[in-house]
Amino acid sequence: MSMKKISVLLAFTVTFAVSTKGAAISEGGFTGQEDGLYPWCGKYCMSFFTKTRSAKTVGKDHLSVSLKYQHFDWTQVRGADKDYHSRTSGQQKQKSVFVFCSKYGWAEDHHIALGIPYFMNDFDIPGKENDSQGLANIFVFEKWNLIKETNNFPGIAVDFWYYFPSGDPDRLLGSDNGAYKISTEISKAWKDFSLHFNPNYKWSEDDNAEVGEINGAVLYKLDPSFWPVVEYNYLDKESKGHSHDLVPGVIWKFRKGWSFKAGIPINLDSTFTDRDEIGLVLKLFRRW
């Protein structure tokens, strides 16, 4: 069994054990909430910048929409010496990704989501020119917040994803194979900050594209409307490589029901062929 599979299995085993313990506390026994739930429990976003999410759902009968923009500029290429080198002058490999995502709370502690990604490629490499743009793999997922956060115990949610085979690999606009993903969100808030942890596992219908991810974030609530965040993402793609990214950024709650997020993805380490050292991600969110 690969190290990636072992890591993902371990993460889900720990999550299951913690979930079972939380369920036992919820069903009966001491909860430590005689004075009521602390006001900052659950007071965080459903998602952060690139990948990390929290255990929170949108709320029964509520609707949210978001538009995320992320820019990739792969300025380095990994050579035969296993080190990265700058691209040859005049060559470039860039991509802009827009993702529209809508979530609806169809039941208490449940929501269903629809995501529509749109890619814009700008590759100027001899023999690999590509200025294609179009829809990639549209996805849907159901999220269940199965353990509510308490004063002493984190909130826990699970997601079940499906990616439609709506991509076009010949134009580098995603995959023409469907894929599934299972993810877990564990969140705990304290007075001035909250911690979030996500193990994820994704597999393709062709059985040749397994992906393991571990995502996390620390959110600081030092101001009612301006929240600094640091996000971490680990990605391992079967037969492709792995990477570690850090995303410092801010969330601005500029109006009730609205937020604007801006982050700077910084690649800490990678074994992929192409490397994007520093990127940009922006997200606009609205909830009704």
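How many residues lie between β11 and β12 in the hairpin that they form? In this predicted model, local features need pLDDT of at least 70 and side-chain atom pairs count only at pLDDT 80 or more, while totals for chains, interfaces and linings use all residues. Residues are numbered from 1 along each chain as its sequence is written, and side-chain values use heavy atoms, with hydrogens and water left out.

The hairpin of β11 and β12 has 5 residues between its strands, where strands (E, at least two residues) are DSSP runs numbered from the N terminus, and two strands pair if DSSP finds at least two bridges between them. Strand β12 (residues 226-237) runs antiparallel to β11 and is joined to it by 9 bridges, with Asn 233 in β12 as the bridge partner of Asn 215. Strand β10 (residues 193-204) is also antiparallel to β11, through 10 bridges, and Ser 194 has Leu 219 in β11 as its bridge partner. Of the 10 residues of β11 (residues 211-220), 7 are buried, buried meaning under 20% relative accessible area, exposed over 50% and partly exposed in between (1.4 Å probe, protein chains only).

Rings of Phe, Tyr and Trp (its six-membered ring) pair if their centres lie within 6.5 Å, with planes under 30 degrees apart counted as stacked, over 60 as edge-to-face and the rest as tilted; the count comes to 16 aromatic pairs. Phe 139 and Phe 141 are stacked, at 6.4 Å centre to centre and 15° between the planes, whereas Phe 139 and Tyr 163 are tilted, at 5.6 Å and 45°. The latter pair links strand β7 (residues 139-147) to strand β8 (residues 155-163), its members being 24 residues apart, and both Phe 139 and Tyr 163 are buried.

Note on methods. Helices (H or I, at least four residues) and strands (E, at least two) are DSSP runs, numbered from the N terminus.
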